[in-house]
Amino acid sequence: MARSDAFEARESERVSTYRLLATDDALSQDLLGPDAADLAAASLAMARRFASGATLWCAAPSWPWHAQHVAVDFVHPVIAGERSLPAVMVSGDHLWESLRPIARAGDMLLVVSRSDEPSVAGLRQRSKAWGVLTVWIGTGPRPEPGSADFVLWVDDDETVSSYGGRFALLYHLLSELTHVCLENPGLLEAEQAVCGDEVCITCSDEGCLGEVVAIRADGRAQVRTPAGLEAVDTTLIDRAHPGDLVLIHAGTAVTLVEGSPR
Amino acid sequence: MSHESTGFLNRCVDTDGHDVGALLSDLVATAGAKAAESSRLRRSSLEALDSDLEQAAQAISERFRAGACLYTFGNGASSTDAACVAALFARSPGGALLPARCLVADPAVLTATGNGVGNELAFSRQLVAFAHAGDIAMGYSTSGNSENVIRAFQETRHRGLLTVGFAGCDGGRLAGSGVLDHCFVVRSHSVHRIQEAQAALSHRLWATVQQRLTPDGERPAVGQREPAADQDLAEPEEVR
């Protein structure tokens with residue numbers, strides 16, 4: 001089945017049953033190709049974060065069983081003797097709101113979803129503001145570059161990706177490779193850079209994303225960033241509200257990020 | 001993929017002189033080998049079990065036509081695979097919507113049975129409460145030795161349910177238990193590869209059931225798009 005055909009059909013919600021039979025090939029295809037390098041880099045980044053005490057949060061809004069599967073694979077690894085790692089499924093209608101009080105800078109978020117899943121955009125943005133590393137496994141039109149720290153994509157029909165084991169292969173490999181990395185403790189000490197360092201891997205030259213937590217008595221905003229809480233001048237963006245996402249440069253909020261929910 | 005963000009990973013060399021670049025190359029090779037093994041196993045399982053899948057699909061579709069409900073179950077990651085299959089039958093795009101439910105959906109029920117009568121009865125107790133003769137029980141166990149899965153099949157077989165089991169390794173006790181109408185064994189000892197192949201088998205089973213549930217005359221050639229047939233299925237068909 002041609003890829004574009006599959007997506008067209010899904011969008012119109014008219015996928016013929018019989019066309020799905022044509023995906024048997026897809027059920028047994030070789031899958032990785034160039035994505036193997038991304039998978040390797042994501043696994044190393046995750047191992048480094050686990051090694052420094054991070055928690056992996058797992059969300060799959062439309063397919064919660066995938067988030068549960070990832071969490072159980074890390075907490076109770078299939079190979080006896082492999083260490084149990086903190087991974088937790090997050091569910092419900094208010095994903096980022098429920099994650100906000102418990103996710104810490106340095107944690108990780110793994111999302112399994114379509115690219116157009118409505119609840120995921122806010123989750124990814126907030127994660128960036130909180131200093132949470134994002135890994136996105138998905139299907140549908142490929143997301144914009146930079147949508148997540150690591151994007152592992154399945155270009156296939158949703159029924160094959162989500163229900164035929166394609167996503168499972170990706171997150172299985174992710175957990176297997178992460179455990180391989182953890183056997184190399186000498187290679188896990190890196191990636192301490194967060195906002196505020198001379199070279200900021202998170203915000204580069206563009207400023208740092210932060211979430212307004214409160215408005216202080218002096219009129220400045222208390223903003224949560226990957227580096228922690230900081231007082232930020234908001235005169236350039238008129239008025240900030242708790243919950244706003246702002247772009248910060250040199251102690252000043254320079255932009256109110258579009259789409260920050262009220 | 002944000003290729004630009006991974007360069008920083010290459011800085012580090014450990015005390016034994018191992019460098020991150022070499023580790024990443026190893027990981028890529030490992031991932032490739034594992035993915036190839038996954039495809040091989042899925043392909044060989046689909047081929048080896050082809051006629052069994054056809055027969056199971058025939059039996060399952062007959063039961064659905066007669067008003068059956070499908071119950072799925074398993075432990076740990078297999079419980080999530082069971083949930084996935086229930087959702088595939090009950091609400092996936094592109095097929096008739098069929099009555100299917102996973103028995104691990106409610107932690108209150110699971111912990112109540114686990115606490116009260118033991119984990120080995122977690123599924124059979126629910127099936128006694130919910131299932132009727134004519135329904136379908138579908139259980140997943142990568143080892144084939146999960147006690148509560150075997151007990152669920154023992155309980156339901158004599159109640160007239162169709163029993164469909166998915167196992168790995170050599171099939172374990174499940175394959176030799178005599179309580180399965182249809183038994184699909186993925187011949188591997190890797191839990192993850194078994195789960196991936198079980199997902200492929202389940203997907204094929206679902207697709208074949210869907211095919212059986214639509215009258216022959218309406219079937220377009222496989223892989224070809226027929227707008228008329230698409231339109232027929234625009235409104236999901238409720239079988240029950």
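In chain A, helix H4 (residues 35-51) packs against helix H9 (residues 166-182) at an angle of about 55°, and their axes lie 8 Å apart. Angles under 35 degrees count as roughly parallel and 65 to 115 as roughly perpendicular. H4(A) is therefore oblique to H9(A). The crossing of these two helices is right-handed. This is a predicted model.

Which residues of H4(A) and H9(A) make the contact? H4(A) brings Leu39(A), Ala40(A), Ala42(A), Ser43(A), Leu44(A), Met46(A), Ala47(A), Phe50(A) and Ala51(A). H9(A) brings Leu173(A), Leu174(A), Leu177(A), Thr178(A), Cys181(A) and Leu182(A). By class, 13 of the residues in this contact are nonpolar and two are polar. None is charged.

Turn next to chain B. Here helix H5 (residues 122-130) and helix H6 (residues 147-157) have axes that come within 7 Å and cross at roughly 25°. H5(B) is therefore roughly parallel to H6(B). Their crossing is right-handed. From H5(B), the contact uses Ala122(B), Phe123(B), Ser124(B), Leu127(B) and Val128(B). From H6(B) come Asn148(B), Val149(B), Arg151(B), Ala152(B), Glu155(B) and Thr156(B). Six residues of this contact are nonpolar, three are polar and two are charged.

Back in chain A, the next feature is a sheet. Strands of a sheet pair through backbone hydrogen bonds, either parallel or antiparallel. This open sheet has five strands in the order S8-S7-S6-S9-S10 (chain A), and the pairing is antiparallel. Which strands stand at the edges? They are S8 (228-232) and S10 (252-256) of chain A. Each has a single partner strand, so one side of each is left without a neighbour in the sheet. Neighbouring strands are turned by 45° against each other on average, direction ignored.

Look at one pair in detail. Strand S7 (residues 221-225) of chain A pairs with S8(A) over five bridges, in the antiparallel sense. Thr225(A) stands opposite Gly228(A) in S8(A). A helix also packs on the sheet: H7 (residues 118-130) of chain A. H7(A) touches strand S6 (208-215), S7 and strand S9 (245-249) of chain A. The direction of H7(A) makes about 85° with that of S6(A).

The domain assignment of chain A gives domain 1 (3-187) and domain 2 (208-256). Their contact takes seven residues from domain 1 of chain A and seven residues from domain 2 of chain A. On the domain 1 side, three residues are nonpolar, two are polar and two are charged.

Note on methods
Residues numbered from 1 in each chain as written. Chains lettered and ligands numbered in written order. Predicted model: local features only at pLDDT ≥ 70, side-chain atom pairs only at ≥ 80, totals over all residues. Domains from an automatic or database assignment. Contact = placed C-beta atoms within 7 Å. Nonpolar A, V, L, I, M, F, W, Y, C, P; charged D, E, K, R; others polar. Pairing = 2+ DSSP bridges. Helix = DSSP H or I, 4+ residues; strand = E, 2+ residues; numbered from the N terminus. Axes fitted to C-alpha atoms, helices over the stretch in contact; angles between N-to-C directions. Parallel < 35°, antiparallel > 145°, perpendicular 65-115°, else oblique. Left-handed = near helix turned anticlockwise from the far one by under 90°.
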